[in-house]
Amino acid sequence: MTTVMKEKTDIAVLKQFIGGEWVEGTGKRTIESVNPSDSRQIVATCKGASKADVEGALSAAQAAFKGWKATPAPARARVLDAVVKLARRDKERLGRILALEEGKILPEALGEMEKGINLLEWYAGEGLRFMGSTAPSELPKNLLYTIREPLGVVSIITPWNFPWAIPCWKIAPALVAGNTVIFKPASNTPWLAMELVKLFEEAGLPKGVLNFVVGAGSEVGDSLVEDARVQAVSFTGSNEIGVRVHTLAGKRGIKVTCEMGGKNPCIVWKDADQDLALAGVVKGAFGSTGQRCTATSRLILHEDIADAFVKKVVDAAKAMKIGAALGDGIDLGPAVDRAQLETDLKYIQIAKDDGATLLCGGNRVEDGDLKHGFFVEPTVFDRCTPKMRIAQEEVFGPVLAVFRVKSLEQAIEYANDTIFGLTCAIYTQDITTAMTYLEEAEVGMFHINSPTIGGEAQVPFGGVKGSGVGDREMAKEGIHFFSKPKTVFLDYTGKKRESNIY
Ligand code: NAD
């Protein structure tokens, strides 16, 4: 079922934020943010950044570092507190921008707003807990302790699929820890990114502490990693770009964390509560149009329940209401842009060619005004096998690959058989089945009787294998990535040391 709703907007004109000033980019390219629900509508434009603009941002961040580092951590955190209040004030407006620019349906867009606010809130609290530890010394009248210090100028590079929450979960710990930041969002979602930076400005963040550059990654990306002033890079995006960023940063020996793609499996076991499992699979596979790093893209079913369960998934997929992100009662919004739409359709064709059985979907939606957007039907392929490309490569769209297995051992073997290792789920009523999978799962996050998606500020988020390299994000891990310990040996004996313990 399909529906459309258009929202009238003026085109937002975006700028770069360098050294506390909003300035026009001096790059050759004009970046246009297009409404993926209706590509006739350009929602924002921005003159792209040049290398000179990045240079300006780096200089500003470098100049601001000393003062920001010297600002007590609780005072740094108070700026975050203020941003939390402003974000709550503007939540509805920003959620609509998110829906308009990225195509996430409004309820999910507002959910992402709340998630980002939770993260800002949590890290504001961390400003009061930015501490090291003490340890007993081998020596009398000696105090051993650690303090944590910021790294310096850090680059934050983010993808389009969580254009609010991911910048929040990176910028907040970076700032609380006392770093100065160059923030580069994805080129197809710069508007919401700029709105976030404006909140920091309104909250009173000193000039130069947070700088914002909008530009193509291929043009400005390398400078954000290779410049000698950059002390750390926090990247989220595709495996391809992440590996490149990691290699470049590694050559310089600086800290780097890259959160990348996923091919997340959900095992539904023969004893599962099927209604619960169905709700989790549908949300995991088709929520946010499958454009989550944590999306369920592989469904592994015990053969005893496979026929019945697959039918339920297909019925649910067919019942989804497809439409514009700001429409009423919509279940499935568009792909983010034409390139992602084409990727979805390409993988659908590849799966067919590889011999998977198409059960539903498989087409672009072109009814009425939807032809102007980038809509793809929720798609289910049955009888997939582990070596098919649909089983191995991230699609990042509403496309679910179903596998049938005879034993838990085979289910776990299939689940682990990809280069990725972000998240997974199992639906079962048997604790031994769940714990057996938990012990074997090659992932960073494991869900029992809940969908593969989700994260919370107070626990680490991230993957293993091709899904993540470097420190985890969120929680204390986020603060630890953006800071370094300094170990202090304080001897208050006032005498020459007699011990030979060094
Ligand atoms: P992408 O890799 O194309 O782009 C990510 C960012 O990198 C963008 O800001 C882009 O402009 C920039 N970039 C591009 N080329 C660059 C270069 N040479 N140097 C430096 N930066 C460069 O990813 P995307 O399409 O924006 O996002 C989708 C991907 O992100 C998916 O693979 C998804 O799984 C992944 N993702 C992972 C997580 C996670 O936490 N693991 C979360 C969200 C998204």
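Contact, as used in these legends, means heavy atoms within 4.5 Å. The model is predicted, and local features need pLDDT of at least 70, side-chain atom pairs count only at pLDDT 80 or more, and totals for chains, interfaces and linings use all residues. Residues are numbered from 1 along each chain as its sequence is written, and side-chain values use heavy atoms, with hydrogens and water left out.

View 1. Domain 1 covers 51-260 + 467-486 and domain 2 covers 264-448, with bounds that come from an automatic or database domain assignment. Taken over C-alpha atoms, the centres of domain 1 and domain 2 are 31 Å apart, and 18 residues of domain 1 are in contact with 21 residues of domain 2.

**View 2. The buried interface, with the side of domain 1.** About 1600 Å² is buried between domain 1 and domain 2, with carbon and sulfur atoms giving 59%; buried area is the accessible area (1.4 Å probe) that two parts lose on being put together, summed over both. Within domain 1, the most area is lost to domain 2 by Ile105, Trp160 and Ser467, which together make up 32% of what that side buries.

**View 3. Polar pairing across the interface.** The rule finds 0 salt bridges between domain 1 and domain 2, a salt bridge being a side-chain nitrogen of Lys or Arg within 4 Å of a carboxyl oxygen of Asp or Glu. It does find 6 residue pairs in polar contact across this interface, both residues at pLDDT 80 or more; a polar contact is a pair of N or O atoms within 3.5 Å, where within protein one must be able to donate a hydrogen and the other to accept it, and residues adjacent in sequence count only if both atoms are side-chain atoms.

View 4. Thr158, Lys184, Ser238, Met260 and Glu394 come nearest among the 27 residues around the ligand, a residue being near if one of its heavy atoms lies within 4 Å. A side-chain N or O atom of Ser238 is 2.6 Å from an oxygen atom of the ligand.
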